[in-house]
Amino acid sequence: MESGAFMYLQLEYVEMETYSATSDQPMANLNGSESMTPSIATSKRFYTSLVFFALAVVATWQGIWLVPSDKLCMQTWSSPSPAQKAVDYSWQLFQNNFGDDLPLFRTPDAELEAEWRLLEQANPFPVSNQEIEWLELNVKGNWMRESEGDGDRAIAFLEVTHQISCLNLLRQHTRRHEYDYSQFDSFRGSEREVMQRVDGCLQYLRHVIECVGDTTPYLVLSTPTKALKERPDFNTLHYCRDPAHIQRWKKAHSVEAGVQNVLYEIM
């Protein structure tokens, strides 16, 4: 009984020496030593805040200086191409109002057809075997090769050439009753062969459009004075590649390889 009373008195003594949550005196642990003084606690809070501040500075620096460049993004999301070095970007606002004057789609004449030939200039260029492998193609395929210089290099065209040529074919086909296209490669052969080329281009451009998958929103304008009371606004903002830079690259790297743009060949 006496030992129990003695233990009770010891516990009561410890409780009296231990801090409460609101005490202004140092707290003692069961061994009688101080657990933490106010100055130590303040120092710990200061250094903890300093660490978090440093982490915030580093994160901000990374967000400003380590943002991937346009060229790095292009290399990540585009097929390998020697022309990537020529790609330059700028923000452009599409001008697509219905009824706008469209110089490249005016009534066809010899001058307009010459403008389109400049747009779709093929300018074949050489690609190495390594670049063929980058495209996941068989190096030993029956590819057309250079007729001069390093005969180990294959001859290639840029896809944008094919796309512009297809667009031009569709333009010509819709205007074929306004201009004589009978001497153009795109219209040689039977009507069935011409339609095969047109259908092939429609299919190809569909693939291109779906592959790009443009997610830019376009809005609808309220036009109460018009018959339909509304119209879509296709004047949308896009981050575009500069076509002039790509054209200059094609001309600078073109070769005389005796290969023509065979877009219109029926396989």
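1. Start with Trp116: its relative accessible area is 2%, so it is buried (buried means under 20%, exposed over 50%, partly exposed in between, with a 1.4 Å probe and protein chains only). Phe105, at 37% relative accessibility, counts as partly exposed.

2. This model is predicted, so local features need pLDDT of at least 70, side-chain atom pairs count only at pLDDT 80 or more, and totals for chains, interfaces and linings use all residues. Residues are numbered from 1 along each chain as its sequence is written, and side-chain values use heavy atoms, leaving out hydrogens and water.

3. The whole structure has one disulfide (a pair of cysteine sulfur atoms within 2.5 Å). Cys166 and Cys201 form it, with sulfur atoms 2.1 Å apart. Cys166 sits in helix 6 (residues 159-174) and Cys201 in helix 7 (residues 191-212), so the pair ties together parts 35 residues apart in sequence. Helices (H or I, at least four residues) and strands (E, at least two) are DSSP runs, numbered from the N terminus. Both cysteines are buried. The link is left-handed, with -80° about the S-S bond.

4. Eight aromatic pairs are present. Rings of Phe, Tyr and Trp (its six-membered ring) pair if their centres lie within 6.5 Å; planes under 30 degrees apart count as stacked, over 60 as edge-to-face and the rest as tilted. Trp91 and Tyr239 form a tilted pair, 4.7 Å centre to centre with 35° between the planes. Trp91 lies in strand 1 (residues 89-93) and Tyr239 in strand 6 (residues 237-241), so this pair joins parts 148 residues apart in sequence.
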